[in-house]
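Reader: I'm new to this one and would like to learn how to read it. Could you take me through it feature by feature?

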Amino acid sequence: MAKPFYRLQRFLRRTQMLLLFLGVAYIMAGSVLLLQRASLAATQRGGGPPLPSLPPPPAAMEPPVLGGGATRRHTPGEQTVPRWLASRNLEIRQLRRRWFHSLMTEQENPGADRGRPHRKIRHKGTYIGCFLDDAKDRAMKGSVFYDFRKMTSTLCQDTCSESGYQFAGLEYGSECYCSNRITSARTREEDCNLDCKGEKGAPCGGVGRLSVYKVEELLPGQKRYRNVRYRGCFKRPANTSTAFLVQSIQPNLTSQSCIGVCTDKELPLAVLRRPVCYCGYASSEFSLHEPAEERRCAKANSSDTAPSADQDFYQVYQTPVQDSRCTERKFLPEKSSTLVALSSFPGAGNTWVRHLIELATGYYTGSYYFDGSLYNKGFKGEKDYWKSGRTICVKTHESGRREIEMYDAAILLIRNPYRSLMAEFNRKCAGHLGYASEQHWRSKEWPEFVGSYASWWASHVLDWLRFGRRVLVVHYEELQGALFPQLRAITSFLNASASEERLLCAESNQDGHFKRSGARQRTFDPFTPEMKVLIDGYIRTVDRALREHDHTGLPQQYLPR
């Protein structure tokens with residue numbers, strides 16, 4: 001009996017020493033990682049030296065001879081990822097770590113100020129009080145936007161005022177709701193106990209609670225609505241009483257007054273045929289998919305009182321009001337067993353397509369990376385682990401066999417390389433919504449960027465076509481031109497049910513918050529003849545590969561340049 005007991009004692013002592021050794025090793029590894037992150041954060045805050053320019057692609061990535069020639073094939077054991085692409089992937093992963101570290105620093109003590117009384121802060125407008133809110137039946141049914149980092153009461157009020165709303169409500173410290181009426185009851189002021197993310201000490205609602213402000217009123221002649229968009233001339237629906245929710249007759253009706261009426265009613269469409277103004281939503285009865293010639297509406301709204309067939313055509317405007325039928329989003333109720341990638345070259349519109357997918361399906365999209373600016377604007381899936389199975393698809397810019405085969409299916413988003421390169425260069429120089437300066441375009445950084453990234457545009461598509469298990473190819477330009485059918489094909493590929501009403505709502509809200517304002521006009525073409533020869537060669541290679549894999553080729557507008 002003593003001998004087995006002795007052996008057990010020796011085993012436990014050895015196990016204790018092993019556990020102690022592993023614990024020390026774990027602590028040392030964690031310390032080294034923290035020091036590296038601290039050094040990286042300090043470098044970023046101090047400006048630091050610029051990142052070295054990416055080296056040009058190796059000779060193997062040169063475009064094929066224009067006019068024919070076989071495309072080079074990789075052998076199974078050959079490295080498929082160029083060195084310049086590996087360095088780019090490392091840069092992306094470092095960006096992800098930096099954002100994650102900054103987020104963890106912010107969240108180390110989230111409730112420290114929860115019990116502290118709010119200090120007196122002077123605000124614009126008039127504070128009304130704390131109101132109840134329900135995610136299934138919103139108290140404020142106008143537009144909504146998020147900023148999980150810099151939300152303030154002033155920012156929320158300004159946004160609501162510029163969109164024509166009378167009330168601004170803040171919830172969870174980071175969500176802003178706009179409306180012209182409040183449909184819930186008032187509650188205790190103590191329930192609105194969360195500070196604004198960008199304004200400590202200022203009440204920004206609570207859990208299911210809204211801090212509501214009456215925004216500063218403007219005289220009717222001073223109101224200037226932003227985000228108003230002319231949708232076109234359309235034929236009268238068969239039944240206007242069912243197609244539209246509001247009808248207003250005004251003898252001196254103008255487009256501005258009709259937009260004002262519909263904005264006050266919190267409806268996204270203003271439909272005009274003098275002297276009648278209609279307000280409503282896009283629907284199966286009035287889908288806005290078949291525009292008519294503009295001359296029809298010009299005659300219908302002329303001073304001529306003689307009846308004609310042109311009286312059946314209406315002018316349609318998109319008001320600043322957000323179509324609220326598709327704004328609620330959530331994580332998947334059950335973990336998905338299928339991992340779907342939303343893959344694209346940087347600058348191809350991945351964020352925009354994620355926005356459309358979330359509107360159409362009602363589920364968050366995830367990301368292989370972590371971009372704090374996207375998370376702060378409402379992409380909550382950005383912070384979720386990319387393999388969690390809680391998001392409907394996962395954004396990635398990766399390529400190479402190992403990275404691709406991690407996914408069961410993929411939506412491959414392709415955009416004109418000329419546009420993609422310019423969009424990504426703008427993002428690198430000026431962020432998601434900014435534009436690179438003329439000095440940037442004329443610097444040596446631009447040709448180095450094109451030399452490195454143009455081949456990545458081609459290799460990214462070729463790798464996903466070769467190694468992807470089930471691939472749906474979506475062309476950015478075709479999605480822009482025919483959003484409704486393309487979005488229906490995407491939701492079908494994702495095996496997500498999307499009603500026609502929700503797809504029409506996504507179409508109405510298609511711009512989102514991540515769209516550059518207009519196109520900045522340049523006085524010169526940034527692409528040199530040498531760059532065009534290089535890029536056009538890659539375009540022909542990708543077009544041929546798409547057809548060989550039984551997909552439609554690239555849109556015709558890609559060539560010639």
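Author: Happy to. Let's begin with how the elements get their names: helices and strands are DSSP runs, numbered from the N terminus. Keep in mind that this is a predicted model.

Reader: Is S420 buried or exposed, and how do I tell?

Author: You look at relative accessible area, where under 20% counts as buried. S420 has 0%, so it is buried.

Reader: Which residues does S420 touch, apart from its neighbours within four places in sequence?

Author: S420 is in contact with F345, P346, G347, A348 and R415.

Reader: Since it's a prediction, how do I read the confidence?

Author: Look at pLDDT, the predictor's confidence in each residue. The chain averages 79, and 74% of the residues score at least 70.

Reader: Which residues have the most contacts inside the largest nonpolar core?

Author: The idea is to look for buried nonpolar residues joined through their side chains. Here the largest such core has 43 residues, and I414, L421, W446 and W457 have the most contacts inside it. The elements giving two or more residues to this core are β16 (409-414), α10, α12 (445-467), β17 (471-475) and α16 (529-548). Helix α12 supplies the largest share, 12 residues.

Reader: What does W446 touch, again leaving out its neighbours within four places in sequence?

Author: W446 is in contact with L421, M422, F425, H440, W441, P526, F527 and M531. There is also a second, separate core of 42 residues, and I357, A360, L479 and C505 are included in it.

Reader: Now for charges. How many salt bridges does a search of the whole structure find?

Author: You look for a Lys or Arg side-chain nitrogen within 4 Å of an Asp or Glu carboxyl oxygen. The search finds 21. In one of them, the side chains of R209 and D191 meet at 3.4 Å, N to O. R209 lies in strand β7 (residues 209-214) and D191 in the loop between β4 (175-179) and β5 (195-196), so this pair ties together parts 18 residues apart in sequence. R209 is partly exposed at 22%, while D191 is buried at 15%.

Reader: How far apart in sequence are the parts that R325 and E501 tie together?

Author: First the bridge itself: the closest N and O atoms of R325 and E501 are 3.9 Å apart. R325 sits in the loop between β12 (313-318) and β13 (340-344), and E501 is in helix α15 (residues 500-508), so the parts they tie together are 176 residues apart in sequence. E501 is partly exposed, with 46% relative accessibility.

Reader: Where do E424 and R427 lie?

Author: Both are in helix α10, three residues apart, or about one turn of the helix. E424 is buried at 2%, whereas R427 is partly exposed at 25%. Elsewhere, salt bridges that share partners join D133, R138, E171 and E328 into one network.

Reader: Which residues line the largest cavity?

Author: Its lining is made by T338, L339, V340, G389, T391, I392, C393 and V394. The volume of this cavity is about 30 Å³.

Conventions:
Residues numbered from 1 in each chain as written. Predicted model: local features only at pLDDT ≥ 70, side-chain atom pairs only at ≥ 80, totals over all residues. Heavy atoms only, no water. Buried < 20%, exposed > 50% of the residue type's maximum accessible area, 1.4 Å probe, protein only. Contact = heavy atoms within 4.5 Å. pLDDT = per-residue confidence, 0-100. Core = buried A, V, L, I, M, F, W, Y, C linked by side-chain atoms within 4.5 Å. Helix = DSSP H or I, 4+ residues; strand = E, 2+ residues; numbered from the N terminus. 1 Å grid on protein atoms, 1.4 Å probe; cavity = no way out; pocket = protein on both sides within 12 Å on 5 of 7 lines; lining within 4 Å. Points joined across faces, edges and corners; volume = space filled by probe spheres on them.
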